[in-house]
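User: Hi! I'm new to reading protein structures. Could you walk me through this one?

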Amino acid sequence: MEGVMDPLVRQLLTGIGGYDLCVSEFMRVTHQLLPDHVFFRLCPELQQGGATLHGTPVHFQLLGGDPVCLADNAAKAVCLGAPGVDLNFGCPAKTVNRHDGGATLLQYPTRIFNIVSEVRRTLPLDTPLSVKIRLGYNDTHQLIETVQAIESAGAQWITLHTRTKADGYRPPARWEWLRTVKEQIQIPLVANGDIWSVADFKECQALSGCEDYMLGRGAFAQPDLALQISQKKIAGIRFAMIWCEIRQLIVTHSHMAALSRNETFAIQRGKQWIKHLQRNYPEAVELFQQIRLTQTLTDFLQVLGGGLPLEEELKFAIPPAKA
Ligand SMILES: Cc1cc2nc3c(=O)[nH]c(=O)nc-3n(C[C@H](O)[C@H](O)[C@H](O)COP(=O)(O)O)c2cc1C
């Protein structure tokens with residue numbers, strides 16, 4: 001998720017566990033082969049074997065409307081270390097859609113077919129290519145044509161955010177569409193949209209019959225949601241992270257963000273995360289009021305409670321090297 005699920009968040013969440021795969025924030029491609037540093041900024045995991053430090057693969061996401069240019073950039077992502085490529089035809093942002101990228105392409109299933117075919121043709125055979133879509137642009141009338149086009153163009157799976165572009169993010173997500181779509185294609189369908197809790201997951205699973213799920217905002221609002229869901233299948237019960245663990249996570253994130261970027265970034269992203277946590281943690285409501293106006297990292301961390309000394313923070317964030 002652009003501006004939210006950055007490399008640091010991916011590292012922390014995959015450290016908590018429950019994820020088989022991550023997808024990078026999108027790289028917008030217009031008419032050129034982008035330079036290496038753009039790939040590495042969006043996805044530093046490329047330089048560490050294409051996975052987070054906890055070993056979860058990170059696929060590289062591209063967004064655009066030009067088949068050849070997308071294919072060239074996809075091939076470059078793989079050369080730089082991406083274990084897989086994802087194409088984004090779901091983004092509803094006006095600027096993106098105005099520049100022939102994201103959900104606007106859902107109006108043209110043939111163009112989607114051409115893009116997916118060209119990218120598939122260019123990538124090595126053993127590199128998975130997946131496609132992220134919504135139910136449609138204004139409505140769902142081209143949905144089945146679109147998923148069939150994606151399948152026949154050679155994609156390995158489709159992730160479906162069960163809203164149209166016109167729906168924006170208005171709840172509820174329309175999970176009932178998943179089963180209909182699943183029946184029309186042979187490749188796996190990954191369910192996405194409004195999975196905020198284990199109960200949501202169970203309801204979506206019952207309705208859709210899907211095997212795979214993608215978490216977006218729910219992963220941010222409940223950092224151990226994927227772990228809860230995956231362990232649910234094995235042990236049947238798991239308690240959610242308690243507030244002091246969550247607070248520690250934010251402190252760690254802030255230190256890492258300040259070290260890798262700068263203090264302003266650390267504070268802005270820290271506040272954003274606390275805002276999302278308000279959904280599940282009443283403590284976050286009070287904390288947000290306290291940190292809302294803080295402007296320095298020292299003040300921000302002081303309100304958060306300081307956390308552990310920096311060396312301990314980093315031990316928590318970075319797993320020990322394998323022998
Ligand atoms: C701020 C924001 C940024 C997003 N950026 C991306 C992105 O870069 N790539 C993508 O495939 N989806 C992106 N999405 C969409 C999410 O991946 C997801 O499909 C959507 O939020 C619905 O799932 P959720 O209800 O679990 O959040 C973004 C969503 C939000 C709210």
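Analyst: Happy to! Helices here are DSSP runs of at least four residues, numbered from the N terminus. Keep in mind that this is a predicted model. Just after H1, Gly17 takes a positive phi of about 110°.

User: What caps the N-terminal end of H1?

Analyst: Asp6 does: one of its side-chain oxygens lies 3.1 Å from the backbone nitrogen of Leu8.

User: Why is H1 described as largely enclosed by the rest of the structure?

Analyst: A residue is called buried when its relative accessible area is under 20%. Nine of the 10 residues in helix H1 (residues 7-16) are buried, so the rest of the structure largely encloses it. Among them are Pro7, Leu8, Val9 and Ile16.

User: Which residues have the most contacts inside the largest nonpolar core?

Analyst: In soluble globular proteins, nonpolar side chains tend to be buried together. Here the largest nonpolar core has 94 residues, and Phe60, Phe89 and Ile133 have the most contacts inside it. Helix H11 (residues 243-260) contributes the most to this core, with seven residues. Leaving aside neighbours within four places in sequence, Phe89 is in contact with residues including Leu105, Ile115 and Ile133.

User: And the ligand: which residues come nearest?

Analyst: Of the 16 residues around the ligand, the nearest are Glu2, Gln61, Asn192, Asp194 and Arg217. This shell divides into five nonpolar, six polar and five charged residues. An oxygen atom of the ligand is 2.6 Å from an N or O atom in the side chain of Asn192. The protein covers 85% of the 610 Å² of accessible area that the ligand has on its own.

Conventions
Residues are numbered from 1 along each chain as its sequence is written. This is a predicted model: local features need pLDDT of at least 70, side-chain atom pairs count only at pLDDT 80 or more; totals for chains, interfaces and linings use all residues. Side-chain values use heavy atoms; hydrogens and water are left out. A residue is near a molecule or strand if one of its heavy atoms lies within 4 Å of it. A polar contact is a pair of N or O atoms within 3.5 Å; within protein, one must be able to donate a hydrogen and the other to accept it, and residues adjacent in sequence count only if both atoms are side-chain atoms. Accessible areas come from the Shrake-Rupley method with a 1.4 Å probe; for residues, only the protein chains shown count as cover. Ala, Val, Leu, Ile, Met, Phe, Trp, Tyr, Cys and Pro count as nonpolar, Asp, Glu, Lys and Arg as charged, and the others, Gly among them, as polar. A nonpolar core is a set of buried Ala, Val, Leu, Ile, Met, Phe, Trp, Tyr and Cys residues joined through side-chain atoms within 4.5 Å. Buried means under 20% relative accessible area, exposed over 50%, partly exposed in between (1.4 Å probe, protein chains only). Helices (H or I, at least four residues) and strands (E, at least two) are DSSP runs, numbered from the N terminus. Contact means heavy atoms within 4.5 Å.
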